[in-house]
Structure formats: C-alpha cells, structure tokens
Amino acid sequence: MSDLSRIVKAYDVRGTVPDQWDERVAGALGTAFAQLLDATGEPEKAVLIGHDMRASGPGLAAAFATGVRAEGRPVIEIGLASTDMVYYASGALGLPGAMFTASHNPAQYNGIKMCHAGARPVGQDSGLAEIRDRAQALLDKDESLGEPTAPTERRDLLADYAAHLRTLVDLSGIRPLTVVVDAGNGMGGHTVPSVLGDAALPALPLRIVPLYFELDGTFPNHEANPLDPANLVDLQRAVVAHGADLGLAFDGDADRCFVIDERGEPVSPSAITALVAARELAKYPGSTVIHNPITSKAVPEIIREHGGEPVVARVGHSFIKAEMARTNAVFGGEHSAHYYFRDFWFADTGMLAAMHTLAALGEQSLPLSTLAAEYERYVASGEINSTVADQAAKVAEVRAAYPDAEADELDGLTLRFPDGAWFNLRASNTEPLLRLNVEAATAERMTSLRDDVLDRVRR
C-alpha cells in the first residue's frame, strides 16, 4: 500500500519511482486533483499537463491525465516543458496545471508541481493536503479508477511561451554578448534556443555557446543542480575559455537560473535578486518585493534604497507566490535562484531572470563582475547540507548553544548576532537534510561562525 505522506511535501509531490510512487499513484493523484478543482470553484476547466525529460515522466503524466479524465475533466497535454512553461500556459489560458518533474533531484526521482488557474500555487495550505488525503483514500480502497470520459488534446506552446517572455524584457538594443548556457541535459536545452535564438523571432545580439543541451534524464554530465559548486565547474571553464561575458546554468526543470561572471566566478542569487529588484522598482516605483529569510541582508537594504518595500516569506514557491499575491509584490527572489514576477502571474521563471541579467549587463559597458559587486555587500557561505538522524533535536541543540543571539523561527532557525552576522538552519522540505546558510561582514567572521555551527550540527 502506498503511503502518500512520504512523497507529498510542503509544496509539491516528490519521490523515487517506482518504489515510492508509480503510475497507479499518479492516476489517483490526477483524480484527486480534479476533485479538488470541482470543490474549489474551477468546474469544467481543462487541466494542462507537462513533463520534463525524465524517463518516467510520460507514463506518470499519462496516468495522471487518465485520473483527471475519469472525473469528466478534459486534459491539454503540452508534452516536454519547463516548469515555467506550464505556469505560462496556466496564466495565459486561465487553466489549472500539473508539471511532472523532480527539478534537481537524481534520475530515479520524479514529482508533480500543481497549480490552480492563473498559476496560483497548490501547496499544503492551498489544496495539496486535501489532494493527498483524497488520493490516499482511493488507493486504500484498491479499486480501479473510472473510465476516462473527457477528451484529451495536444498543444505545442513553446513558441507562444518564448514570444511572451520577449514582451517582458527587451533585449534588442543591448550590446553584443557571448553567453555560455549549461542546461545540464535538462529542460533549458528545450527552451533556451526558442527564447534567445528562435529564427521566428527578431534576432538578438547574443552568441549562445551551448553546454549539455541534449535532453537526458539520466544526467550523464553532472546533476542539474546549479546550487552545488561541483555542477558549475564545466560552465566556469567554458566561460573563461570562450572569453564569454557571462554564463547561465539552469536546473532540471529550468525554473531556476544561476549566473557566472566573465571571470568564471559565481554571482550569488542574492545579488541577482537585488539587481532584478532594482530594475523592477525602476519600472514600478514604490512596489513590494518579496525575499526569503536566507537571502543576504543586502537584499532588503537595496530594496529600500530603490524605494521599495521588502517583505520576508518562507522558503518555497507556494509560500512565496501566496505572499506575492497577498501584497501584490512586483518581484520575489530566493537564495536558491528561484525568481518570481508579478508580470508572470507571480510565478517563478529562471528564463525571465536570465533575461533581466542580460539586459542589465548589455545596457552598459561594465563587466558583470563589476556590476554584480554593487549588489554584494557581505560574505556568505552558500548553502551547506548535512544529514542528521533527528533534525528537530539538532536544531534545538544548536539554538541552545547561542543563548544571546536574536532568534527568528519564521522558516527554520535564524540567529542574528550583534555584529550583524547571522545564520539560518532549516530542514529541507524535499530531502532528509539540514541546510545551513551563514553571512557576515568579513570572510574571517563568516568562516568562524560557519565552522562552529557545522561542528555542532555534525557532531
């Protein structure tokens, strides 16, 4: 019997195939999703379904579609897609959607990111728990799903998605740039050529140098997780070797984008968050900008300096999107290189963040390292993962070790010190890990605090 509590996380479904879930489970989840839509006032709307390049994707997506259609609800299959393509389709067509992906996880994983019409998130507090319970009840009965009675349709929306992004950021007038793009054998290899190089759209002054654009869910070159420095090495070398102006690395489902400067050095997602926030605030003065507790404290400083209002939200796309909708925020950024835009139905899109970075660089003559330095004020550790037996107990132990620090428990444990240094320690929502992020004014202080906390976590 399948235990869905093992795979239904805080804001998506994620687990190994076929031991944790399979097509039978996908069918039950499809039926449960359709039932939720019936119950929440979205009757008769078709469900958009896309999948990434993982081998298990087509079968799981088809089973999910059968479950949806068994409830009398039509399905529109968009086939191979990035996650932000599904969000585009959901927003542009006003339809609920489901994307089959496990993002950056290894090949044996797959998952589902679901949304209501208009790309509104489905998370634990916005329908995902109900979907889990409905699907679990169906599986516990061990009965076959009903016959699919509603029609299915296939649409190719890649060109429409690319054309829409081109309307949001104008790259036609920038200086010529050489850009190395590492797709990691993920969906960036599907979307980047259409967005930045499609012959059907006006030519852009970009020379794209592709790395690993072949779609391959076994990830033969490196994991499609740009937050791990080991997965950036090939891109860093290629940027320097080609004398490129910058490099872009996408994760497996291409909803995240990581940036490398012309020296081959990573630009922190916090700096990209601040850079894009400044651009959006110039366009929409006085707006709210969302960030999570793990972004650099330079982010809220820069937002305020550009006349915006910074608001903190929990890590995770469903939490960020909900807070953006509540505050009508113009933009949101996370330390994990997720970037969210009001002009994109409050959804996250790595491609649009990449286009803003290209525009900011191409509209002036400075190299990216100089430009990015304006937005990097402190020294950060980056995210460091540790596997521990009891996450809650370990967090409590770490908290007790720093009794004089100011504590914040909005998302995990954040401790702030009088000299401005801080760290955040939080349990992963998708993996059995504790994640540590540390920031301080100097490298020496950051290193000392990082090592002390890690020693306590890993003891």
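Which residue is the bridge partner of G50 in β4? In β4, that partner is M99. The structure is a predicted model, in which local features need pLDDT of at least 70 and side-chain atom pairs count only at pLDDT 80 or more, whereas totals for chains, interfaces and linings use all residues. Residues are numbered from 1 along each chain as its sequence is written, and side-chain values use heavy atoms, with hydrogens and water left out. Helices (H or I, at least four residues) and strands (E, at least two) are DSSP runs, numbered from the N terminus.

**Domains and annotation**

- The domain assignment, whose bounds come from an automatic or database source, divides the protein chain into domain 1 (4-157), domain 2 (177-265), domain 3 (269-374) and domain 4 (379-458).
- The centres of domain 2 and domain 3, taken over C-alpha atoms, are separated by 21 Å. Their contact (heavy atoms within 4.5 Å) takes 22 residues from domain 2 and 20 residues from domain 3.
- Between domain 2 and domain 3, about 1,600 Å² of area is buried, and carbon and sulfur atoms give 77% of this area. Buried area is the accessible area (1.4 Å probe) that two parts lose on being put together, summed over both.
- An unreviewed UniProt entry carries the annotation "domain: Alpha-D-phosphohexomutase alpha/beta/alpha" for residues 7-136, 160-264 and 272-378. UniProt positions are given in the numbering used here, feature names are shortened, and annotations may be inferred rather than shown by experiment.
- Residues 7-136 are 42% helix and 22% strand, with end C-alpha atoms 12 Å apart. For residues 272-378 the values are 47% helix and 15% strand, with end C-alpha atoms 14 Å apart.

- Strand β2 (residues 47-51) is largely enclosed by the rest of the structure, because five of its five residues are buried. Buried means under 20% relative accessible area, exposed over 50%, and partly exposed in between (1.4 Å probe, protein chains only).
- From β2, V47, I49 and H51 point one way and L48 and G50 the other way.
- Strand β3 (residues 75-80) pairs with β2 in the parallel sense over five bridges; two strands pair if DSSP finds at least two bridges between them. V75 in β3 is the bridge partner of V47.
- Between β2 and β3 the chain passes through helix α2 (residues 57-69), and this β-α-β crossover is right-handed. The term applies if, with the strands pointing away from the viewer, the path from the first strand over the helix to the second runs clockwise.
- Strand β4 (residues 97-100) runs parallel to β2 and is joined to it by four bridges.

- Strands β10 (246-250) and β11 (257-260) run antiparallel and are joined by four bridges. G247 stands opposite I260 in β11.
- Both faces of β11 are covered: C257 and V259 are buried on one side, and F258 and I260 on the other.
- Strand β12 (residues 266-267) pairs with β11 in the antiparallel sense over two bridges, and P266 in β12 is the bridge partner of I260.
- The hairpin of β11 and β12 has five residues between the strands, and G264 takes a positive phi near 90° there.

**The sheet of β13 to β17**

- Five strands form an open sheet with mixed pairing, in the order β14-β13-β15-β16-β17. Its edge strands, each pairing on one side only, are β14 (309-312) and β17 (347-348).
- Strand β13 (residues 288-291) pairs with β14 in the parallel sense over four bridges, and T288 has E309 in β14 as its bridge partner.

**Helix α5**

- In helix α5 (residues 158-168), the buried residues are L158, Y161, A162, H164, L165, R166 and L168.
- The cover over these buried residues includes α3 (83-93), α6 (188-197), α8 (269-283) and α11 (350-362).

**Backbone features in loops**

- V17 and P18 are joined by a cis peptide bond, with omega about 5°. P18 lies in the loop between β1 (13-16) and α1 (23-39).
- S103, although not a glycine, has a positive phi of about 55°. S103 is placed in the loop between β4 and β5 (109-116) and is buried, with a relative accessible area of 3%.
- A254 takes a positive phi near 60° in the hairpin of β10 and β11, which has six residues between the strands. At 1% relative accessibility, A254 counts as buried.
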